[in-house]
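Thanks for coming. I have one structure to go through today, so please bring it up on your screens.

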Amino acid sequence: MKTPRNKKAAWAAMAAIPALMLAGCSGGSDGGSDAGSDAGSGETRELTLAHSYNEEQPQHRCGAQVIADEVAAADVGLTVEIFSSSQLGGDADRIASVASGDIDLDIQGASALGAVYEPISVLDAAYVFEDADHLAAFMASDESSTVVDGFADAAGVQTLGAWSAGARQFTANTPITEPADLEGQRIRFPGSPQFLMNAEALGASATEVAYEELYLALQQGTVDGQENPITNIKAQNLAEVQDYLSMTNHQLNTNLVIAGPVWDELSQEQQDALNAAVEKAVTEVTACVAEEEAATLEEWKAAGDWEIVEDVDIDSFRSTALEYLEGAYSGDSLAVFEAIRATAD
């Protein structure tokens with residue numbers, strides 16, 4: 001399965017939308033057999049859409065729910081039933097179920113998908129993307145075929161879209177403004193290979209702690225700091241156990257919307273409707289995340305919950321990380337890294 005040509009065109013249109021327009025916001029295929037179509041027959045096919053996020057997170061309310069609503073409104077003989085909060089299994093279990101056809105659609109982080117096709121985890125590399133606009137530009141470009149087609153060939157899974165669920169920031173009890181500030185600190189990172197590589201690239205000493213145990217680990221001093229997007233930092237109430245929030249913006253939380261064998265069973269009309277639904281969800285999630293982060297930062301500044309450190313030497317962090325990663329990757333992973341960087345401004 002290859003990325004549909006007019007799907008690339010849709011991503012290209014998204015990349016052209018200025019960030020301010022996105023923040024103010026609330027497809028098609030070369031192939032596809034008519035044999036699987038229920039449109040016009042009076043019958044409706046229900047697709048399952050699974051993810052690991054709770055219903056208050058942007059990935060659900062501005063992503064999965066928008067996909068379901070838009071598909072229903074298209075009236076092409078499809079509906080989408082959402083299973084949130086890992087109801088159909090953890091990430092590793094679900095990607096196997098998507099590939100086998102037991103789950104039709106899924107929303108997963110790039111690092112989780114790396115367990116099936118390692119090069120796709122490069123989308124979660126430190127500073128590989130400049131920002132969410134760069135992610136959209138990459139997905140709209142021919143360069144994205146390096147990873148999208150490779151993933152489809154390796155796993156039999158179609159990538160319908162990708163969005164950023166926010167950039168990751170450091171928290172600690174001292175400011176982190178340059179790579180040297182990470183020396184000697186035990187920083188919690190998720191345990192996936194790409195995240196641990198990011199720690200090395202940034203100059204941090206990584207300590208693996210389960211997300212559910214993070215608050216207690218910081219409170220008890222098991223770790224000195226951690227990194228997460230603003231939405232997770234807020235959800236975990238980390239201001240109660242950390243003093244400084246350093247705006248390093250060192251990694252996008254990249255989510256991909258994927259489809260298994262069901263894609264080839266849909267009619268052209270149904271593929272078009274699903275592509276259009278995902279395109280709108282990508283725009284909506286980008287806007288929701290931007291609005292939520294801005295509101296949270298204003299709330300924190302007004303309450304004085306954190307010392308918010310914005311005077312960060314981003315250039316030093318970026319050059320350190322990218323130099324390390326370019327030397328650490330090889331083969332297809334290096335090809336994906338170079339393809340992404342080729343689309344940076």
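Predicted model: local features only at pLDDT ≥ 70, side-chain atom pairs only at ≥ 80, totals over all residues.

The protein chain has 13 helices and 9 strands. Of its 345 residues, 53% are buried. The exposed surface comes to about 13700 Å², and 45% of that is supplied by carbon and sulfur atoms.

Now to helix H7, which covers residues 145-155. Which residues of H7 are buried? They are Val 147, Val 148, Asp 149, Gly 150, Phe 151, Ala 152 and Ala 155. Note that an aspartate, Asp 149, is on that list. What do the buried residues of H7 pack against? The partners are the helices H4, H5 (110-113), H6 (132-140) and H13 (331-342), together with the strands E4 (158-172) and E8. After H7 comes Gly 156, with a positive phi near 65°.

Positive phi also turns up at residues other than glycine, and I have two to show. One is Ser 86, with phi near 60°. Ser 86 sits in the loop that runs between strand E2 (78-83) and helix H4 (91-100). Its relative accessible area is 28%, so Ser 86 counts as partly exposed. The other is Asn 237, where phi is near 55°. That residue belongs to the loop between helix H10 (230-235) and strand E8 (244-259). Asn 237 is partly exposed because its relative accessible area is 42%.

At the other end of E8, look at the loop between E8 and helix H11 (268-303), where Ser 267 is found. Is Ser 267 buried or exposed? Its relative accessibility is 2%, and buried means under 20%, so Ser 267 is buried. Ser 267 and Val 76 are 191 residues apart along the chain, yet their C-alpha atoms are separated by 9.2 Å.

Last, the surface. Which residues gather in a patch of negative charge there? Glu 178, Glu 183, Asp 311 and Asp 313 do. Of these, take Asp 311, which lies in the loop between strand E9 (307-309) and helix H12 (314-328). Asp 311 has a relative accessibility of 67%; the cut-off for exposed is over 50%, so Asp 311 counts as exposed.

Methods:
Residues numbered from 1 in each chain as written. Heavy atoms only, no water. Patch = residues over 30% accessible without salt bridge, like charges linked within 9 Å, V, L, I, M, F, W, Y side chains within 5 Å. Areas by Shrake-Rupley, 256 points an atom, 1.4 Å probe, with all protein chains shown as cover. Salt bridge = Lys/Arg side-chain N within 4 Å of Asp/Glu carboxyl O. Lys, Arg positive; Asp, Glu negative; His and termini not counted. Charge placed at Lys NZ, Arg CZ, Asp CG, Glu CD. Helix = DSSP H or I, 4+ residues; strand = E, 2+ residues; numbered from the N terminus. Buried < 20%, exposed > 50% of the residue type's maximum accessible area, 1.4 Å probe, protein only. Contact = heavy atoms within 4.5 Å.
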